[in-house]
Number of protein chains: 2
Amino acid sequence: MSEHAPEPAIGIDIGGTKIAAGLIDHDGRIVREVRRETPRHDAVAVEAAVVDVVRELGADAPDAPVGVGAAGWMNLDGSEVLFSPHLAWRNEPLQARLEEALSRPVMLTNDADAAAWAEYRFGAARGESHVVCLTLGTGIGGAIVMGGELRRGRFGVAGEFGHQSIVPGGHRCACGNRGCWEQYASGNALGREGRGLVAAKSPVAHALRAAVDDDPALVTGALVTRLAAEGDPACADLIVEMGEWLGLGLANLAAVLDPGVFVIGGGLGSASPELIETAEASYRKSLSGRGYRPFARVARAQLGAAAGLVGAGDLARTHR
Amino acid sequence: MSEHAPEPAIGIDIGGTKIAAGLIDHDGRIVREVRRETPRHDAVAVEAAVVDVVRELGADAPDAPVGVGAAGWMNLDGSEVLFSPHLAWRNEPLQARLEEALSRPVMLTNDADAAAWAEYRFGAARGESHVVCLTLGTGIGGAIVMGGELRRGRFGVAGEFGHQSIVPGGHRCACGNRGCWEQYASGNALGREGRGLVAAKSPVAHALRAAVDDDPALVTGALVTRLAAEGDPACADLIVEMGEWLGLGLANLAAVLDPGVFVIGGGLGSASPELIETAEASYRKSLSGRGYRPFARVARAQLGAAAGLVGAGDLARTHR
């Protein structure tokens, strides 16, 4: 199904705050890279920015196909954005419009799918047949690679691991439900727990309180992660607690999918090796049938923030 | 990958209490069927029974391959039983022994995988590309068909849906964990809840108490299901409660796998249309992203108790 053609490709990762784009070679290396601010809530300006970066990157590669990754749901053939949480797109036939503007093949892809594909082709999951990837940031993005292909489900929206309900009546999620996994294992969850400690003026959280001058609104998951890495015990406890939730969810995914490897990336996944270690221990303690089946590896993503654009470009090249 | 060859096949379903075996034609119809008691806890006797039924069924079909389905985990190439909960098999190279005894190709398969394959080839999931099957009995068996193939995971043990943890610190499961889905949505769960009402001498459970003469030990999931079907409100409430848990788990599976159809079979799944209806309503209320994505169909299995043997035989025929 996949041709792994030698020509270069252009990958674009449209995030909530910035657009990262790169010209990538056949080994997934970024030959050239450009960045732009994301013009949020202005779909026309986002499209114009995509056209602009492709023209800049592709001047010497007129045949390079373009892969565009963004948070949200794309239809199965990569022609339409069905829904994007950060961007003003609803059922947009973006592929056709970009192809017309650029005179190149364009493929749309979910950002977590793109990152997973990159890790499968060039990163932590190379050579694996059954891969589950998690992009751990403010929430949990996910993707499945099986038998050499992304498995996107019947309607293209598989891999929404973060919205498995794991705590009945638990924390409210932006998706409308309660108790979603990402309410217990994500940057947002870490921020919420940290804010709770600061708001309660908890004496155990003196370092966190000092860092935000007792203002809960200033607590973020990134701050908690940083203080934990610096040795603050209260923030380290929050990381451990989150790692345990993370491992519980991995065990649930293993019960369903039985992967050979879990790859964990994303901003938070990359920032805290302790989180991943705790998650792996918790996964091994929670796996149903442990003792009668092998454990999947739990690996940190290798491609960092570039995974999204590398994967988007490579998908466009290998799935024309 | 699959050849859908026209020759007959022999399918065998080894259950906890009985062995059902059949000669099936290329449309999945059972041409001839035999049954035996399962000699539990006696692996040698089970093998002898399998050899016996194959000789009986296959007298006129000397080339028919044999598929053997049983609860438990088989290795990926269908040659060994890794673990079977009801049978005395641990890492048994059963394929080689049966092939030697029978002089025919033999394939081992998990019973839920076999049932799912039958529903995909001949039943409720015909023509679907992304199928999630549940076998709802004393517990929850599961299987995934995607892109025309069973997806059994890296180690052959995917589809253990019943052991997703959905209630932290919840009911103890035989798997060693707590809060597994099948502790909330299965025949065993229904029995436990019914026993609770009888043990508490609940006045709302007067019909159930009368049926077991106030002895909680006599309450089974099947009894609760039957009384609910006969109109007893207390038992009907238990079915509704279980349907709600069932739907919650379906929504979790949809978040991960995004199937086009859920097929629900098994003894309990077949016995209670109300359960399936409640589950579907609960699934539609709980699906993350509802409104931005289509719903999967929730369908009742069509092949009944024969699904296991039909699927085992057809798998042996199509996957040589």
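Glu56(B) has a relative accessibility of 32% and so counts as partly exposed; the label covers everything between buried (under 20% relative accessible area) and exposed (over 50%), using a 1.4 Å probe and protein chains only. The model is a predicted one, where local features need pLDDT of at least 70 and side-chain atom pairs count only at pLDDT 80 or more, while totals for chains, interfaces and linings use all residues. Residues are numbered from 1 along each chain as its sequence is written, chains are lettered from A and ligands numbered from 1 in the order in which they are written, and side-chain values use heavy atoms, with hydrogens and water left out.

The partner of Glu56(B) is Arg36(B), and their side chains meet in a salt bridge with N and O 2.9 Å apart. The term stands for a side-chain nitrogen of Lys or Arg within 4 Å of a carboxyl oxygen of Asp or Glu. Glu56(B) sits in helix α1 (residues 43-57) of chain B and Arg36(B) in strand β3 (residues 30-37) of chain B, so this pair ties together parts that are 20 residues apart in sequence. Helices (H or I, at least four residues) and strands (E, at least two) are DSSP runs, numbered from the N terminus. Arg36(B), at 26% relative accessibility, is partly exposed too.

Over in chain A, salt bridges with shared partners link Asp25(A), Asp27(A) and Arg29(A) into one network. Opposite charges on side chains can pair when the charged atoms come close. Another pair is Glu92(A) with Arg97(A), whose closest N and O atoms are 2.8 Å apart. Glu92(A) counts as buried at 19% relative accessibility, whereas Arg97(A) is partly exposed at 34%. Back in chain B, Glu33(B) and Arg35(B) form a salt bridge at 3.5 Å between the closest N and O atoms. Here Glu33(B) is partly exposed, with a relative accessible area of 39%, and so is Arg35(B), with 46%. Over all chains, the search of the whole structure comes to 30 salt bridges.

What about the place where the two chains meet? In all, 48 residues of chain B are in contact (heavy atoms within 4.5 Å) with 48 residues of chain A. The two chains bury about 3700 Å² between them, 60% of it on carbon and sulfur atoms; buried area is the accessible area (1.4 Å probe) that two parts lose on being put together, summed over both. Phe155(B), Val256(B) and Tyr292(B) give 17% of what chain B buries against chain A, more than any other three residues. How many salt bridges cross this interface? The rule finds zero. It does find 22 residue pairs in polar contact, both residues at pLDDT 80 or more. Such a contact is a pair of N or O atoms within 3.5 Å; within protein, one must be able to donate a hydrogen and the other to accept it, and residues adjacent in sequence count only if both atoms are side-chain atoms.

The largest share, seven residues, comes from α7(B). By class, this side has 24 nonpolar, 15 polar and nine charged residues. Ala, Val, Leu, Ile, Met, Phe, Trp, Tyr, Cys and Pro count as nonpolar, Asp, Glu, Lys and Arg as charged, and the others, Gly among them, as polar.

Within chain A, the assignment gives domain 1 (9-119 + 306-318) and domain 2 (127-301), with bounds taken from an automatic or database domain assignment. Their centres, taken over C-alpha atoms, are 27 Å apart. The contact between them takes eleven residues from domain 1 of chain A and 18 residues from domain 2 of chain A. Together the two domains bury about 1200 Å², 61% of it on carbon and sulfur atoms. In domain 1 of chain A, Trp73(A), Leu76(A) and Asp113(A) lose the most area to domain 2 of chain A, together 43% of what that side buries. Across this domain interface the rule finds one salt bridge. Asp113(A) also pairs with Arg152(A) in a salt bridge at 3.3 Å, N to O.
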